[in-house]
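Me: I would like to go through this structure with you. Could you begin with the confidence and then move to the contacts and the sheet?

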Amino acid sequence: MNCGPGIAMRRLTAEEISAAVAELCIRANRQLPEDIVGAMNDAKTSEPWPVAEATLEVLCRNIEAAGDMELPVCQDTGMACVFASLGQDVHIEGDFKQAVNEGVRRGYEQGYLRKSVVADPLRRVNTGDNTPAAITVELVPGDSLELTVVPKGFGSENMSRLAMLKPADGVEGVKRFVVDTVKTAGANPCPPVVVGVGIGGTFDKVAALAKQALLRPIHQRNQDEFYARLEEDMLREINLLGIGPQGFGGRTTALAVNIETMPTHVAGLPVAVNISCHVTRRASMKL
Amino acid sequence: MEYRLKTPLSREELSKLRAGDMVYLSGVIYTARDAAHKRMMECLDRGEPLPFEIRDSAVYYVGPTPEPPGRVIGSAGPTTSGRMDAYSPRLLDLGQKIMIGKGMRSKEVLEAIVRNAGVYLAAMGGAGALMSACVKSARVICWEDLGCEAVRRLEVEDMPLTVAIDSLGGNIYESGPTAYLDSLKEGK
């Protein structure tokens, strides 16, 4: 399709998007990303506390069992968080949002996934098909569409927190808030957890950063060495809390801390902590 | 210690359990989570019977995934028990003996466990596929409209559970981390 001199538009249909989202919902729920499986196996090998080692052993066996039994790794198959990096030279035929929700509907039905979404936060009637998804779209250069589905369980989502700190609180204040959030969460978010941290931006953007931090494979540190070190520092402190796998005690309270940042106002230091459980799920596809 | 037990548990069986013990539980248990608990409270307020006999019962906080063809249940790991804290003391006072879930409980729940010589057992959070294999039969008995939150009667076999809070008030979520941290101090 020509949309002007020299500009070629790539066409994608709503159906292609729905099919991709459906497949990603099922895949993400049955099969954990390699970095998470690797980190769980490493934790099992290096955990010094016997109860914790035995617990990690069971959790690793569960990951395998889910694959063998073609069942979701966890029964909380989450609210479907769908991240789309949409090339600005892509033309979508049909309604994008509807296409994504149709994909979620299909994936959760065909994959025998749990429908965990209520239509209204206070009147609480289940929508019956796990829609709507929580959709985030980012416009990027290019002519492809990259979709990532993150089924987010609420055992861990519920333990997440946000604070508008003062600039004077500095690195120590941020560190204290993050470690304290994990400590307060204790056994509830199914440790070992992955800790997504957002720093900077505005009240709304910092929460989005914390969630975005969970998209990064956990063996990759922040590219800015200052923040890479901070990630390691925080992880070390968290793993001295003693909470351990399932909160039964032990070293492995967290598998990783991922930090994402953005510029912020002279008067502010927003921090958000989005906690994810040991079943940290994501699956991506490029169209 | 490790025990293989069958529901309903006798007073002796309940009283010997200590936080940190392993229990392989078999027999009948009932599922209920947030919405079902809320409705159970409404039943009690109206003086109506509960969907199952609460006396000596075991309640599992779970909302399973739908069962694929050929399976009795989908993934079936525990949900966070703390959300049931508002309801549990009333049910324990009515004779419920066993709660199965994951995560910490309130002081009020702990006191109700001690008062009624009950027990809180922790299932492995996030191990939905493994827990599924322990369920031998599953049937919705009430409030089907709640979907995954409907009340189900499950027959389970050798469900692996950890005693989280025992009838003396022992609490693995405190004693477990403390024991680990003490071991670090001793190591230094």
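This is a predicted model: local features need pLDDT of at least 70, side-chain atom pairs count only at pLDDT 80 or more; totals for chains, interfaces and linings use all residues.

Me: What are the ipTM and pTM scores of the model?

Reply: The ipTM is 0.92 and the pTM is 0.94.

Me: How many residues of chain A are in contact with chain B?

Reply: 40 residues of chain A contact 35 residues of chain B, where contact requires C-beta atoms, placed from the backbone, within 7 Å.

Me: Which helix of chain A gives the most to that side?

Reply: Helix H3 (residues 50-69) of chain A does, with eight residues. Helices (H or I, at least four residues) and strands (E, at least two) are DSSP runs, numbered from the N terminus.

Me: Now the sheet: in what order do the four strands of chain A run?

Reply: The order is E4-E2-E5-E10 (chain A), in an open sheet with mixed pairing; two strands pair if DSSP finds at least two bridges between them.

Me: Why is one side of E4 and of E10 of chain A left without a neighbour?

Reply: Strand E4 (134-140) and strand E10 (283-286) of chain A are at the edges and each has a single partner strand, so one side of each has no neighbour in the sheet.

Me: In which sense do E2 and E4 of chain A pair?

Reply: Strand E2 (residues 79-87) of chain A pairs with E4(A) in the parallel sense, over seven bridges. A:Glu138 in E4(A) is the bridge partner of A:Ser85.

Technical notes
Residues are numbered from 1 along each chain as its sequence is written. Chains are lettered from A and ligands numbered from 1 in the order in which they are written. Two residues are in contact if their C-beta atoms, placed from the backbone, lie within 7 Å.
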